Amino acid sequence: MAVVSDAAAGLRVASRATVLQLRAPGLSARNLEGQAGELVSSAAIPVVISSRCDIALATGAAGVNLPESDIEVAGARRLMRGRLVGRSVHSLENALQAEREGADYVIFGPVWESASHPASRPVGVEALAEVSHALHIPVVAIGGVTFERIAQCHAAGAAGYAAIGLFE
């Protein structure tokens, strides 16, 4: 999963990713909708929108990814009418809660130190393995993922990985 801040970035990396997540918290709703619409209509892979069920629905996105402090998964599930609902989590407890609430997947981390979130303490590969083995839904590793660390993500049981810097 490539986490991108605009449609142009998403289209540049789409051939190297399986899913695009549009995460642009600084954009107005109107600008985010425009970027999402362009990305959804032009990308050959699924696009999920961070935090905004309304924009995901309005643009025909594949789904939404909710930060840990966002609305409940169950509420998003009702709004999204069968589309993907993911949750970004930072602990086993919150990962299990997301699964109980009906999340289709969780993004877990940061596994390693991350340039995009320097204040976040890494949880480590052992915690990734614990979460991956405890859940019945896909777990996607995030935070400091490099080409050299992809194998470690899979060895820990992660279904995949999400990254910002890796795709830049």
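Me: In which strand is the place of S50?
Reply: S50 lies in strand 3. The model is a predicted one.

Me: How do I read burial: is S50 buried or exposed?
Reply: Burial is read from relative accessible area, and a residue counts as buried under 20%. S50 has a value of 12%, so this residue is buried.

Me: Which residues does S50 touch, leaving aside those up to four places away in sequence?
Reply: With those sequence neighbours set aside, S50 is in contact with Q21, L22, R23, N65 and P67.

Me: How many bridges join strand 2 to strand 3?
Reply: Two strands pair if there are at least two bridges between them. Here strand 2 (residues 20-22) and strand 3 (residues 47-50) run parallel and are joined by 3 bridges. In this pairing, Q21 of the list above stands opposite V48 in strand 3.

Me: What is the strand order of the sheet?
Reply: The order is 1-2-3-4-5-6-7-8, in an open sheet of 8 strands with parallel pairing. Strand 1 (2-4) and strand 8 (160-162) are the edge strands, each pairing on one side only. On average, neighbouring strands are turned by 30° against each other, direction ignored.

Me: Which strands does helix 4 touch, and what angle does its direction make with strand 5?
Reply: Helix 4 (residues 73-80) packs on the sheet and touches strand 4 (63-66) and strand 5 (84-89). The direction of helix 4 makes about 155° with that of strand 5.

Me: And which strands does helix 5 touch?
Reply: Helix 5 (residues 92-101) also packs on the sheet, touching strand 5 and strand 6 (105-108). Its angle with the direction of strand 5 is about 165°.

Methods: Residues are numbered from 1 along each chain as its sequence is written. This is a predicted model: local features need pLDDT of at least 70, side-chain atom pairs count only at pLDDT 80 or more; totals for chains, interfaces and linings use all residues. Side-chain values use heavy atoms; hydrogens and water are left out. Helices (H or I, at least four residues) and strands (E, at least two) are DSSP runs, numbered from the N terminus. Axes are lines fitted to C-alpha atoms, for helices over the stretch in contact, and angles run from 0 to 180 degrees between N-to-C directions. Contact means heavy atoms within 4.5 Å. Buried means under 20% relative accessible area, exposed over 50%, partly exposed in between (1.4 Å probe, protein chains only).
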